[in-house]
Amino acid sequence: MRLNSGKMPWEATLSGCPVYPSLEEDLSCDCLIVGGGMGGAMMAYRLSLSGASTVLIDKRAVAGGSSHANTGLLQIANDKTLTSCINTFGEASGVLFYKLCREALDKILDLPGKLDIDTQIIPRSSLLYASTPEDVPLLRQEHETLTTHGFHSEFWDADMIGAHYSFSKPAALYSKGDAETNPFRMVHSLIDKAHSGGVRIYEHTRAVRYEYHADGVTCYTDRGRIFAKKVVFAMGYETQEMKKDRGAELINTYAIKTRPLAKLPKWHEQSLIWETARPYLYFRTTPDGCIIAGGKDEQLTDPERREVRVLSQCRQLLEEVAALFPEAKGVETEYAWGALFGTTRDGLPLIGPHPDYPHSYFIEGYGGNGTVYSLIAAELLADTLAGRHRPELELFSLTRSSKPVPEPAVEA
């Protein structure tokens, strides 16, 4: 599966990144992690803290898949609003999902002091603006839902937005507690720390097939075998080629990174910015004074067609930057890329076991908040592997109904 097209910015930000050997022998472990992207990196790091005997393999180089195209926005809020989550899953489950995201953000913000390679994790506020006046009532309702359940949210009118940004919109929600990161550096930093903690890492090692036994799984690679008690599949969108019940809808998405600006435009706290429209545009800054913009999602096409579309779609993204921030008009694009992007039908990631794959667990952090979902998955699965029951996994079950019904309200 060809995941990305165009020119991506992150690899150039980490010179002399760690490299790992290919597997050329047989070995055994408690847990095998398949995939060296964000999900696998989070899982490897978390298991390194528990002392479990762990092996991670990737058919590419570490961070060479979808994580390479990640734009590094880390948020408590999701593509699916809290109001919508409650309407779909019921109040308890909807609020639980958002609380897990908030806890994950807190843990992510604690990572820099624990890792050896700078992840460029920077705390940020967020601004979610109404794309049209018709969206204002929905924003107001979401604001009330968030504050009712203890999440930070401020409702800003057009004047308040205009006082803090170069643009104004009909209304917006301002919130704190989010962050941005360099995803390439973050994956490498997590895996580097996991490796120093005893996790065995093998790049350019392809899993050819698996045999499932009563006491574990045998993974046959190009030039060796791995005997594992448990397997965690963290292969991102490529998991869709593995399972019959795919559970995700795949599309193409696009992003740009501009050249550095001499001075950033009027941009309150260099916040993360996104909108209520679906599909939505989003914007962030970088530590070197550039602007990243993403969106312009469209139906999945073949990779060759996506290569052609990168140029036109990313030209439109640059126009969106100039429309929002007139001070940035004339800035040039330095990097432009397209990538595969996936969402689940109900808006929640897929995490946990599957009845067709014994002794195995899946991390499918699909959606616009994949890094946050990866940390949630690592926490839940690490506890599960250690024998601790995590009922939260039911929320993310791979076999959950595609048409969930909210639980009935409990009468006093």
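User: In this predicted model, how many helices and strands does the chain have?
Analyst: Helices are DSSP runs of H or I with at least four residues, and strands are runs of E with at least two. The model is predicted. Counted in this way, the chain has eight helices and 18 strands.

User: Why is the chain described as being as compact as a globular protein of its length?
Analyst: For 412 residues, the globule rule gives 22 Å. The chain is as compact as a globular protein of that length because its radius of gyration is close to that value, at 21 Å.

User: What percentage of the residues of the chain count as buried?
Analyst: A residue is buried when its relative accessible area is under 20%. Of the 412 residues of the chain, the share that counts as buried is 55%.

User: Is H6 largely enclosed or largely open, and against which elements do its buried residues pack?
Analyst: Eleven of the 14 residues of H6 are buried, so this helix is largely enclosed by the rest of the structure. The buried residues include Phe184, Met186, Leu190 and Ile191, and Arg185, His188 and Asp192 are also among them. The packing partners of the buried residues of H6 are helices H1 (38–50), H3 (91–110) and H8 (370–385), together with strands E3 (54–57) and E8 (200–202).

Conventions: Residues are numbered from 1 along each chain as its sequence is written. This is a predicted model: local features need pLDDT of at least 70, side-chain atom pairs count only at pLDDT 80 or more; totals for chains, interfaces and linings use all residues. Side-chain values use heavy atoms; hydrogens and water are left out. The radius of gyration is taken over C-alpha atoms; the globule rule is 2.2 Å times the number of residues to the power 0.38. Buried means under 20% relative accessible area, exposed over 50%, partly exposed in between (1.4 Å probe, protein chains only). Contact means heavy atoms within 4.5 Å.
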